[in-house]
Structures are given as C-alpha cells and as structure tokens.
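Subject: Structure for you to look at

Hi,

Here is the structure I promised. Please open it before you read on, and keep it on screen while you go through my notes.

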Amino acid sequence: MDGKELFAGYDIGTTSSKVSVIDFDGRVVTSRRVGHSQCFSKDGYPEQDARTWWDDFVKLTGLIGEELSLSRIGAIGLSSMCPNVLPVSADGMPLRKSFLYGIDQRAVCQIEFFNDFLENEGKNPLYTRYSSQSILPKILWLKENEPQLFERTARVLTTNGYIAFRLTGSFAADIFSLSAGNIVDLDTLQIFSSPFNYAKIETGIIPEMKWDLELTGTVTRDAYEQTGISYGTPVFTGTGDACSDIITNACLEPGNVSISLGGTSIYIQYLNKPVASPALFVGTGPVPGSFTVGGATSCGGLLTDWVIEKLFGLNKDEKEDLLSGFGLREYKPSDMILLPFFGGARTPFNNPEAKGILFGLSMETGRNEILSSVYESIAIDISMIQDEVRKTSLESNQICASGGGTRNDTLLRLIATILDQELLVCPREYDSAAGAALIALSANSESSLSEVVNRIKQRYSIVEPCSEYREHMFDRKEAFLDLYESNRDLFVRRQKQSSQKVERSSI
C-alpha cells in the first residue's frame with residue numbers, strides 16, 4: 001500500500017458533523033467540524049432534514065480539500081447518530097424529515113403495540129423490549145399518521161446509510177444500527193420478520209444489511225462532481241456513532257466498556273454473545289461474532305448547552321470561557337439535585353413522560369453551584385446504566401471514555417468516582433469520525449480493527465476516582481433516585497392533563 005494514502009471518516013451528529021483523515025499508521029492528519037441547528041416538529045419532537053447531512057458532508061470535504069489533495073483519499077468510512085429513521089422514495093429522495101434516535105419519543109402507542117406482541121410471541125430474539133430507540137414503532141407511526149407518505153416510502157435509511165447512498169447510489173444499512181433499533185434477530189443475524197408481519201409492514205423496506213467493514217459501493221461520477229472525492233473511491237458501510245466510539249475506545253474484548261460523552265451519554269459493554277435485558281439496548285458489535293449491551297441517557301452535552309445558553313443566557317464565546325474556567329477548583333459538591341430528563345428518561349428508566357427537575361435552589365445559588373449539579377447529574381445518570389448492565393452481564397474490565405465531554409476534567413473525575421473505577425481516556429482527536437476512518441483503514445488493508453486500534457492505544461490517558469468526593473456522589477445518587485420516584489406519578493398526571501388540554505382545544 002502507498003504510505004501516502006489517506007483514509008477519511010465522517011460522522012453526522014445531533015448538532016454537528018465531523019470528518020477525520022488518518023494515515024496508514026492511524027495518525028490523525030486533519031479533522032474538521034461544522035455545526036447545524038436542532039429542528040423540531042410542530043408538536044416538539046426532534047427531527048432533521050437529510051439535506052442538512054449531505055450539505056455538512058460536502059462542506060467538510062471542501063474544508064479538508066483546502067489542506068490536502070482529495071485524490072489521496074483511498075477509502076471512506078461512515079458514522080452517524082443512530083438509529084434514525086429516514087423514509088425515502090425508490091430513487092432515494094427523502095420524503096420527510098428524519099425521525100431521530102431515542103430522543104424522539106413520539107411512538108409511545110406503537111412501542112406498546114410491539115411489546116404486547118413480544119409478550120404473546122414467547123421467544124424474543126431481540127433479547128430486550130422495544131423503546132424509543134426502536135425503528136419499527138416509528139415506521140408504524142408513519143404508516144398510521146402519514147399514510148399517503150408511507151405509501152410512497154420504498155426504504156427507510158439510517159443517517160450513514162443516506163450518505164452512503166448519495167455517494168454510491170446503493171442502499172445499505174449497517175447491522176449495528178439496525179440491531180440497536182431492534183430490527184435484527186440476534187440468534188440468526190437476519191431481519192426479525194414476525195413483528196413486521198404482525199404490523200403488515202414489508203421487510204423489504206429495510207435495505208440490505210451489512211457489517212461495518214463491508215463495502216456499500218464506490219463513489220459515483222455525480223458524487224465526484226459534488227464533492228471532489230475521486231470517482232471509484234470505496235465507501236464502507238460504517239456504523240452508528242456509539243459503535244465508532246467502541247473502536248476508538250479500544251473496546252474490542254469481552255468485558256470492555258465504552259463511554260461516549262456527546263450530546264447524550266452512551267455506556268456500552270462488548271460481549272461475545274447476547275444477553276437478555278428488558279431495560280437495555282442489546283445488539284451486535286462492529287464485527288461478526290461481537291455483541292453489545294448498554295444504554296443511553298436523554299441528555300449529556302445537550303443538558304450543559306441548555307443550562308449555559310437558556311438558563312445563563314451566554315453566547316458561544318462566553319460559554320467556552322465559562323467551561324474552560326470551570327475545573328476541579330471551581331467544582332463544589334452540590335446541595336442540589338438535577339434530574340436531566342429534558343427529553344424523557346432513557347436507560348434504564350425508559351420513561352418518556354419524565355421531565356427535568358432542578359431541586360434545591362436558594363438565594364445563594366450561583367452558576368458554579370448549578371454547573372456542579374449538572375456534572376454530578378450526568379455522571380449519576382451514566383452510573384444508572386452501569387448498574388443495569390451489571391445485573392445481566394460481565395463485570396467491567398477496562399472502561400474508556402471519548403467524546404466532547406472528555407475535555408472537562410471535572411466531569412471525568414466525577415464519572416470515575418461514581419463508577420468506582422479508573423477511566424482510560426481516548427485522545428481527543430480520536431472521536432467517532434476517527435472511528436469511521438479506522439474502519440476505512442482496516443477494511444482497505446490487511447490489518448484487523450484490533451491491530452489498527454493498538455497503534456494508538458498507548459496514547460490514552462488515565463483518570464482516577466476522587467476519594468474525597470466518593471461519599472458525596474453516592475449520597476447524591478440515592479437522592480437522585482428518591483427525587484425521580486417521588487415525582488413519577490406527577491409526570492404521568494401532567495402528561496394526562498396536557499393530553500386533555502389538546503383534546504379540548506381541538507373540539
């Protein structure tokens with residue numbers, strides 16, 4: 001292989017998109033990021049326009065093209081938030097904005113419909129229950145609420161699947177994203193067709209399923225004209241962002257744990273066989289023979305952004321100044337409790353009706369106290385997933401964290417403290433886009449993913465638990481659970497009252 005050949009990985013996220021270009025040794029040559037705004041439906045559910053994803057891809061390619069010749073890119077890997085649901089026509093045209101992953105909780109009735117089916121079915125090859133993360137309930141929601149549009153839907157694509165289609169003209173979906181969306185029979189690694197039949201939905205709406213390192217196709221002439229990436233460049237299917245982070249976090253041995261600290265926080269353990277849990281995500285890993293179990297919070301960095309922008313009223317530059325100046329010296333164990341359920345509660349509560357609560361305010365409360373409670377809340381929320389995983393899976397061996405949240409040493413120390421274990425921290429340049437680039441490198445060479453990752457692993461840093469905060473964090477965790485349980489009935493009553501108001505207003 002020509003040592004000058006480069007490998008590009010793209011990641012399309014909730015509020016931004018990234019590209020990383022690496023060389024044959026796995027070193028990051030350049031990386032770029034572009035932001036995009038969040039979008040919501042009229043009734044408040046998060047959505048995104050697929051044109052935004054493609055525009056981001058083209059912009060990112062233009063940015064790296066200013067630094068290097070695009071002809072040097074020997075292969076492309078793809079990553080994205082997952083599992084999104086984008087209905088497209090037979091010629092790949094988006095028919096509406098995409099339903100986002102688990103933060104889109106509109107399909108509550110359809111989730112119940114499929115969970116009732118699972119209970120009556122007996123055998124459950126999903127090894128878990130349907131939730132807001134699931135793909136099929138959102139397809140059924142589309143069928144029931146937008147039937148004319150559903151009739152025109154030839155395929156539903158994930159985000160990385162849509163980018164792959166724009167580049168290659170071929171439909172495909174990665175097995176990790178589909179399994180995370182409860183589409184895959186984990187015993188046979190085929191589409192779990194029974195619930196499709198039950199809902200009278202054709203399984204052909206799901207594109208061809210492929211592993212992360214399998215080829216989707218090559219760059220077409222049309223894509224070359226739009227991007228400048230050489231005609232014929234191989235495009236590998238790639239995966240969801242959480243699985244990209246599994247790769248960069250060297251989470252490729254049973255028992256290893258990957259924590260992704262992005263807009264939401266994700267905790268995933270790598271396994272060699274599936275385990276059953278109704279509260280967790282159970283799916284495949286990045287390569288044949290690998291499986292995963294874990295979960296995600298409804299907020300992570302999104303919560304920090306909300307507090308700083310909406311509550312504190314700071315702009316982007318002021319936000320960066322505040323966060324860069326908030327270290328362990330500024331952190332003070334908080335007397336407050338923050339329930340971070342601004343988009344409902346995900347793993348392990350799986351309660352779309354839950355709401356955010358900031359409890360314990362006083363006249364002395366300031367920004368530092370609120371920020372301290374934010375970081376404590378994110379750490380505690382992650383530990384809830386770990387508690388659930390420990391019920392059904394292995395004890396964690398190595399835990400490695402990556403993502404934008406690793407820029408904050410205070411957050412990392414609190415996470416290590418509440419998990420009661422040291423954290424490996426992936427170098428900041430190795431994000432989910434770099435994970436997609438590592439997929440392209442491995443798939444286009446004779447090196448396995450493990451061999452590729454081992455080239456960068458020696459650069460990981462270590463964060464130790466903070467003994468002086470241990471008692472406080474575990475006390476806050478108990479209070480966190482108490483506050484949630486005390487308000488669970490109130491969440492339900494508030495939801496019923498809101499529904500009744502909507503019904504009255506429509507009369």
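Start with Lys 477, which counts as buried because its relative accessibility is 10%, under the 20% cut-off. Bear in mind throughout that this is a predicted model.

**Salt bridges**

Which residue does Lys 477 meet in a salt bridge? The partner is Asp 387, at 2.6 Å from N to O. This pair links distant parts of the chain. Asp 387 sits in helix α12 (residues 367–392) and Lys 477 in helix α16, 90 residues apart. Asp 387 has 30% relative accessibility, so Asp 387 counts as partly exposed.

Helix α12 also holds a local pair. Lys 391 and Glu 388 both lie in that helix, three residues apart, about one turn. Their side chains form a salt bridge of 3.2 Å, N to O. Lys 391 is exposed, with a relative accessible area of 62%. Glu 388 is buried, at 14%.

Some salt bridges share partners. They join Glu 47, Arg 96, Asp 104, Arg 106 and Glu 146 into one network.

Another pair is Asp 23 with Arg 27. Their closest N and O atoms are 3.0 Å apart. Asp 23 is buried at 11% relative accessibility. Arg 27 is partly exposed, with a relative accessible area of 44%. A search of the whole structure gives 17 salt bridges.

**A buried Asp with no salt bridge**

Side chains of opposite charge can pair when their charged atoms come close. Now look at Asp 212. Asp 212 is buried yet has no salt bridge.

Where is Asp 212? In the loop between β13 (209–210) and β14 (215–218). What does its side chain have instead? A polar contact of 3.3 Å joins Asp 212 to the side chain of Thr 239. Leaving out residues up to four places away in sequence, Asp 212 also touches others, including Asp 174, Phe 176, Phe 236, Cys 243, Pro 286 and Ile 439.

**Aromatic pairs**

How many aromatic pairs does the structure hold? There are 17. One of them is Phe 99 with Trp 141. The ring centres are 5.6 Å apart and the planes stand at 75°, so this pair is edge-to-face. The pair links distant parts of the chain: Phe 99 is in strand β8 (residues 98–99), Trp 141 is in helix α3 (residues 136–145), and 42 residues separate them. Both Phe 99 and Trp 141 are buried.

Phe 341 and Tyr 484 make another edge-to-face pair, 5.7 Å centre to centre with 80° between the planes. Phe 341 lies in the loop between β20 (337–339) and β21 (357–359), and Tyr 484 lies in helix α16 (residues 467–505), so the pair ties together parts that are 143 residues apart in sequence. Phe 341 is buried, with a relative accessible area of 1%. Tyr 484 is buried too, at 2% relative accessibility.

There is also a cluster. Ring pairs link Phe 113, Phe 114, Phe 117, Tyr 130 and Tyr 198.

**Charges over rings**

Trp 141 comes up again here. The charged end of Arg 106 sits over the Trp 141 ring, 5.1 Å from its centre. Arg 106 is also part of the salt-bridge network with Glu 47, Arg 96, Asp 104 and Glu 146. Elsewhere, the charged end of Arg 221 sits over the ring of Tyr 231, 4.0 Å from its centre.

**Tyr 267**

Last stop: strand β17 (residues 265–271), where Tyr 267 is found. Is Tyr 267 buried or exposed? Buried, with a relative accessible area of 2%. Its side chain makes a polar contact of 3.5 Å with the side chain of Gln 386. Beyond four places in sequence, Tyr 267 touches a set of residues, among them Val 257, Ile 259, Val 293, Ile 382, Ile 385, Val 389 and Leu 419.

Best wishes

Terms used:
Residues numbered from 1 in each chain as written. Predicted model: local features only at pLDDT ≥ 70, side-chain atom pairs only at ≥ 80, totals over all residues. Heavy atoms only, no water. Helix = DSSP H or I, 4+ residues; strand = E, 2+ residues; numbered from the N terminus. Buried < 20%, exposed > 50% of the residue type's maximum accessible area, 1.4 Å probe, protein only. Lys, Arg positive; Asp, Glu negative; His and termini not counted. Salt bridge = Lys/Arg side-chain N within 4 Å of Asp/Glu carboxyl O. Polar contact = N/O pair within 3.5 Å; in protein donor to acceptor, adjacent residues only side chain to side chain. Contact = heavy atoms within 4.5 Å. Phe/Tyr/Trp six-rings, centres within 6.5 Å; stacked < 30°, edge-to-face > 60°. Lys NZ or Arg CZ within 6 Å of the ring centre and 35° of its normal.
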